[in-house]
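Visitor: I am new to this structure and would like to learn how to read its features. Where should we begin?

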Amino acid sequence: MAETDERFDGFKLNPAKQAVRIALIYFSLSMTWIFFTDLYHFISTGDQLSDFLFSVIKGCIYSIITGTVLYFVLKRYFTRLQTAVIHLNRSESKYHNLADNIDMGITRRDLNGRCLFVNRSSIEIAEKIPGFLKTASFEGKTPIETYTDPIISNALMNGITKTAAKAKPVTEELAYKDLFLEAKFFPEFDDKNNVVSVIIMVSDRTGQKVQLTKLQESEKFNRSLLNTFPGIVYIYDIVARKNVYSNRTLFEVIGYKKMDLDSPSPVSLEDIIHPDDLSFYNTLGVMKIKKLKDNDHFENTFRMKDSGGKWRWFKSREIVYKRSPAGEVQQMLGTATEITEIMEAESELISNSGYLNAVVEASPMAIFDLDSDGKVASIWNSSAERIFGFTQPEVLGKVLPIVDSSKAEEFRNNLKQNFAGEGMWAKELIRKNKAGNDIHISIYTKPIKDSTGKVVRVLAYNEDLSLRKQFESEISGYSNYLKMLYEAGLCTVGTFDLGEIYATLFKYIAKIVDAGSVVVSSYDERSRTLKCEASCISDNMVDVSFLPLLGLDDPRSGLQSKAILSGESILVKDYINQLENKDKMTFFDEHGSIDRDNNDYALPAAAMVIPLKHNNKIIGALQVFTYEPSGYTEEDLRRIEPLAVLIASAIERERLYATLSRELEEKKKALDEIRKLSKGLEQSPNSIVITDALGNIEYVNPHFTELTGYSVEEVYGKNPRILKSGDTQPGIHEDLWKTITSGEIWHGELLNRKKTGELYWESASIGPIFDEDNKITHYIAVKQDITEKKKRDAELNNSLLEKETMLKEIHHRVKNNLQVVSSLLNMQVEHYSHPEAIEAINTSRNRVKAMALVHENLYRSSNLMRTSMDSYIRMLVKNIYSAYGVPLERIKFTCNSEDFEFGLDTIIPLGLIINETISNSLKHAFPSGRSGDISISLRRCNDPLHKFLLVVKDNGIGLPAEFDAENTASLGMTLITSLATQLEGIAEISNSLGTEVRVLFNELKYKSRV
């Protein structure tokens, strides 16, 4: 890279030279270090000169390579540094140019006031100040060295001092003769956040000051003009919702002084505007104002309360005065004129005419006026529209349209009579409404005359008689309806048979409305299910016993679920479209046949679903369907609802009757049980005692008196402790009382004393009796005399001890006899030298020891009939290992046996099987002293014919390949098979990995021998 003039921290940057210089320094230092270290090594070790020279050359090559790499790395670093410095200098130059071209004077000064930087605008502004010293260089000079006038220099130094002290921007204004300056001081910080210099921005505000002065003079003129203006002028801020300006006229009109409404006065201009008008302006008015263009205006009328409390009316006209930068309306300029007198005059006029119009409009009669041609002149009130259906524009200026052509002659005669000056009073006529229906009316007319007495109008009042006639008809129908309800109520209270009640009420429903089908369902709140109780289709009762229960959420439940969940009646006028899941519904005809496909079944056109309630509890639903397109009305629903109440009452009454019958039956059974219990207590062979909660006797049965010798009178109110003998073991009575008072039953034996002093044993069960609140009210004791049993048990225990001792002695003697046999076999071995004979005798001896070990375990066991199989197996294997002189360290043994206890008949065959298999493994499975493992497993199995599985396994060399367990002549294998058969089992021998003997067997039960 070519050398440049760019400098960094005062140094000229040349990447290549800088990199070469540092690389050469590194090469020189590294070569010096390598030469002297190799020289020292050469001198101290006495190596050959060639080795020394080779080491130096090798180090030189290493230094050259690393120096070259260092050169390129440093060159790249200095190149990037040079680029950054160039960019920094260019950026600084750009910002210097920007500062020179800005209209604001900018200088940087240190805290002593020396100028570090100044732009051209700053010099131009300084030249306008009298006393400016023009020097060759502005930089490096303090304000005192630049300005002769101390006002200027002191102002600059004070600004620098304040800025350094506050560490925040400071603004100073300076008015010097005809010159107005504004200086802003900004602190600059070092990396420790200390102020090190100040940037000063000076603006020449002389021109703005002149314009401001002219503007103030203009504003003064405008204010004078506004205050002398006869109308009200104001500026209103719609964002802040407050008045910004009002001229003097406003205060003169409403009688307040300006200070009365200025803050912080408790009364604001908004407080004296009528709340309705203020609310309208702040809502609808502001909405319209926000849409105004600059040339549009908004007019409004509003009321203000003057200082005397009178509301005054004003009419205003407002234009947009100020908008936000986003163009939204912020303030409105408006003028207002008082119109109180105009509004009061209009109000009075409207009040008078409005009163008359209100009388006409409020009249329930149809009021209209007719001219001599029979045309409606100017009046047609709302009652006329309501009764006849014609609106005012349809009849004004036209011949009265309510007169049918057949009544035209009658109408003309009546009109002549009225224009002759004779009115009418309560004359009943028939007229037509707009739909062409007859309207029964009673007509009243009044001829209206002018000042000369001539009839110019006929004022007619028509009273609608349709409602009265309809009411008379409804009264008659309602009377019949009440009579039917009365008859239906008598029918429901005269029987408990729900089927009869349903049939009767369904007929009454059909008399009131068109009922194509009627269904009653009951609801079980606990299971949330619906059951169809009765149905009537085309006046025929249907058998519904085959219908299933429906869940409340079942789609087939239809609209019943909605009525039951909401508790409100449902009127469905378009049943087909409102019925959800029609394809999942079940329909049946009047014969009870279910329509599976729903193809030919006509769906109802409308329905009424009424929840059946009793004491505000929903117990079912009543459904009434019609196939007529006209459907049902709200009136139909109201007429059927009382019958639903009767159905609900009948259902609940039947349930109550069933409940009472059931309770009476249960009480009868309970009384029978009490009688049985009472007889049982009286005739019980056990003594029974009942006490209160404190333990005082309230009842004893006859057996108690026979056993103890005490009469009922002697023990009544006494504590059962009168029977205590004093010989019962300590703590038993305390445990008894603690148990029963805690709500539990105590079982035990007590040694008590009769009235005669004779001791006797009782087996007692004593427990508490609770009331409905689970509180103990009594205690009951059932005791049995076990004195004789105690005596027999003692004799039996003595006999058992004698037999147990005898049985132990037998086991001991058998074990000793088998030990003698084993010793004789030991002695017999010494007389033989043939190996097979010796092996046969040793095998027999081990078998005898296996049987002897069983008797030894039974002798030592607490249970003389059964012993633990796990401990027996471990003792047996230990004896076998000892007999063959095999250490457990060479052939390891593991036993995985569940804790079974077997009797003598089972253990001896198992012991002999284990003896044979372990002996075979020790003799043949591990030849030449090789090591291995033997394991025994005894557990329950899932075989349908056998309950237990014994597995004896080794990992030795296994049986010969030609070995056949079924055809072998080996006594051991024959013995294993035979013993397995004895245990009602089978033996299996496998020869895959070592030898495994599996014996499936059952435990042999002891069979008594004769």
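Guide: Begin with the salt bridge, which is a side-chain nitrogen of Lys or Arg within 4 Å of a carboxyl oxygen of Asp or Glu. Lys754 forms one with Glu758, the closest N and O atoms being 3.8 Å apart. This is a predicted model, where local features need pLDDT of at least 70 and side-chain atom pairs count only at pLDDT 80 or more, while totals for chains, interfaces and linings use all residues. Residues are numbered from 1 along each chain as its sequence is written, and side-chain values use heavy atoms, with hydrogens and water left out.

Visitor: Which ring does Lys754 lie over?

Guide: A charge sits over a ring if NZ of Lys or CZ of Arg is within 6 Å of the ring centre and within 35 degrees of the ring normal. Lys754 lies over the face of Tyr760, at 5.7 Å from the ring centre.

Visitor: How many salt bridges are there by this rule?

Guide: The count comes to 21. One of them joins the side chains of Glu188 and Arg108, at 2.9 Å from N to O. Glu188 lies in strand E6 (residues 179-189) and Arg108 in strand E3 (residues 105-110), so this pair ties together parts that are 80 residues apart in sequence. Arg108 is partly exposed, with a relative accessible area of 31%. Elsewhere, Lys953, Glu988, Glu996 and Arg998 are linked in a network of salt bridges.

Visitor: What do the labels on helices and strands stand for?

Guide: Helices (H or I, at least four residues) and strands (E, at least two) are DSSP runs, numbered from the N terminus. The protein has 26 helices and 38 strands. Helix H22 (residues 787-829) holds both Lys791 and Glu788, three residues apart, about one turn of the helix. An α-helix has 3.6 residues a turn, so residues three or four places apart point the same way. The side chains of Lys791 and Glu788 meet in a salt bridge, at 3.8 Å from N to O. Lys791 counts as partly exposed at 48% relative accessibility, and Glu788 is also partly exposed at 48%.

Visitor: How far apart are the end C-alpha atoms of helix H13?

Guide: The expected span of a helix is 1.5 Å times one less than its number of residues. Helix H13 (residues 408-419) has twelve residues and should span 16 Å; its end C-alpha atoms are 17 Å apart, which agrees.

Visitor: Which residues of H13 are buried?

Guide: Phe411, Asn414, Leu415 and Asn418 are buried. They cover an arc of only 100° around the axis, which puts them on the same side of H13; the arc is that of the directions from the helix axis to the C-beta atoms. What covers the buried residues of H13 includes strand E13 (366-370), strand E15 (427-432), strand E16 (438-449) and strand E17 (455-464). Just after H13, Gly421 takes a positive phi of about 95°.

Visitor: How many aromatic pairs does a search of the whole structure find?

Guide: Rings of Phe, Tyr and Trp (its six-membered ring) pair if their centres lie within 6.5 Å; planes under 30 degrees apart count as stacked, over 60 as edge-to-face and the rest as tilted. The search finds 15 aromatic pairs. The rings of Phe302 and Phe314 have centres 5.8 Å apart and planes at 20°, so the pair is stacked. Phe302 lies in strand E10 (residues 298-305) and Phe314 in strand E11 (residues 311-323), so the pair ties together parts that are twelve residues apart in sequence. Phe302 and Phe314 are both buried.

Visitor: What about a tilted pair?

Guide: The rings of Phe368 and Trp380 have centres 5.4 Å apart and planes at 35°, so this pair is tilted. Phe368 is in strand E13 and Trp380 in strand E14 (residues 376-380). Both Phe368 and Trp380 are buried.

Terms used: Buried < 20%, exposed > 50% of the residue type's maximum accessible area, 1.4 Å probe, protein only. Contact = heavy atoms within 4.5 Å.
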